[in-house]
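Subject: Structure handover

Hello,

Please find the structure below. My notes on it follow.

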Amino acid sequence: MDAASLYFRAFYALPESMTAPDGTPVNAVRGFVDTITRLVTDRKAGRLVACLDADWRPAFRVDALPSYKAHRVAEAGTDGEEEVPDTLTPQVPIILDVLDAVGIATAEAAGYEADDVIGTLAVREAADPVEVITGDRDLFQVVRHTPTPVRVLYLGRGWAKAELVGPEELAAKYALPVRDAGPAYAGMSVLRGDPSDGLPGVAGIGEKTAAKLITEFGSLQAVLDAVHDGRDRKLTTRARTALLNAQDYLAVAPTVVNVATDAPVVVDRDDAVPAAPADPDRVAELTKRWGLGSSVPRLVNALERR
């Protein structure tokens with residue numbers, strides 16, 4: 001689970017009128033817990049890890065591209081903290097407490113984002129098929145067939161329109177090659193850019209042109225090699241000029257866009273979905289204290305019925 005992506009989505013999907021007895025909003029908590037329940041019941045999850053941001057704006061990415069997520073830094077502060085809605089911030093510790101009491105594993109890596117934790121765990125997995133649960137398209141780059149299948153359950157438009165994306169679906173959606181569809185998507189993302197992450201992309205090259213270039217040449221590196229190869233006629237003069245003008249950006253962008261697959265991930269416990277809460281008394285106390293209604297009992301019932 002891309003935890004931050006999911007609790008952000010829950011926060012905006014549910015009304016802030018959902019509050020604890022002390023008035024603290026708990027809409028993100030309840031929505032996040034309901035998401036776990038659906039993963040256990042609908043997706044039949046046998047192993048589950050909530051992946052966390054130890055650093056939402058890692059130094060190695062900022063050093064490569066200072067504009068990376070710069071617009072998300074809280075304007076009022078100078079400590080580099082992400083600008084997060086005031087009523088969401090107090091809910092994150094509650095979410096972590098509930099995960100701990102229920103016995104759901106969490107994972108993070110010092111100096112890395114949750115995307116990197118997910119990328120590392122997905123690459124490491126040699127036993128079971130993997131589903132990455134997220135509302136972030138950046139993670140499409142981790143899909144693969146072998147040695148174990150990795151697919152993304154994309155919740156960008158909510159559960160009702162959830163998309164299960166593997167190499168074939170990714171290739172069809174963006175006109176990319178099925179083979180190495182994940183890396184091809186990352187290459188397309190470098191060329192296209194992403195204003196929401198502070199990635200300018202290559203001026204004049206949009207999503208369709210970026211996908212076409214990656215498909216024609218096979219990889220981002222092959223596209224970049226062709227820029228300096230005057231004999232390669234597949235690259236138009238217009239595209240070559242645009243790529244030449246963006247050389248400084250292109251030299252650093254892959255470091256920013258590509259998820260790490262070797263992050264020093266620490267998982268806090270075994271990732272098997274528990275058959276019952278790890279600490280039932282604490283689960284009951286948290287449910288009462290924070291007014292979590294039926295959300296936590298539904299999750300407990302789902303665990304016990306597995």
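The lining of the second largest pocket divides into 15 nonpolar, 1 polar and 9 charged residues. Here Ala, Val, Leu, Ile, Met, Phe, Trp, Tyr, Cys and Pro count as nonpolar, Asp, Glu, Lys and Arg as charged, and the others, Gly among them, as polar. This is a predicted model: local features need pLDDT of at least 70, side-chain atom pairs count only at pLDDT 80 or more, and totals for chains, interfaces and linings use all residues. Residues are numbered from 1 along each chain as its sequence is written, and side-chain values use heavy atoms, without hydrogens and water.

The second largest pocket has a volume of about 660 Å³. A pocket is an open set of points on a 1 Å grid over the protein atoms alone, where a 1.4 Å probe fits, with protein on both sides within 12 Å along at least five of seven lines; lining residues have an atom within 4 Å of a point. Volume is the space filled by probe spheres set on the points, which are joined across faces, edges and corners. Of its 25 lining residues, Arg47, Leu48, Pro129, Val130 and Glu131 lie nearest the centre.

The largest pocket has a volume of about 850 Å³. Lys69, Arg72, Asp136, Asp138 and Asp197 are the closest to its centre, out of 35 lining residues. By class, its lining has 12 nonpolar, 6 polar and 17 charged residues.

Now the backbone. A cis peptide bond joins Thr146 and Pro147, with omega about 0°. Asp180 is not a glycine, yet has a positive phi of about 60°.

Best wishes
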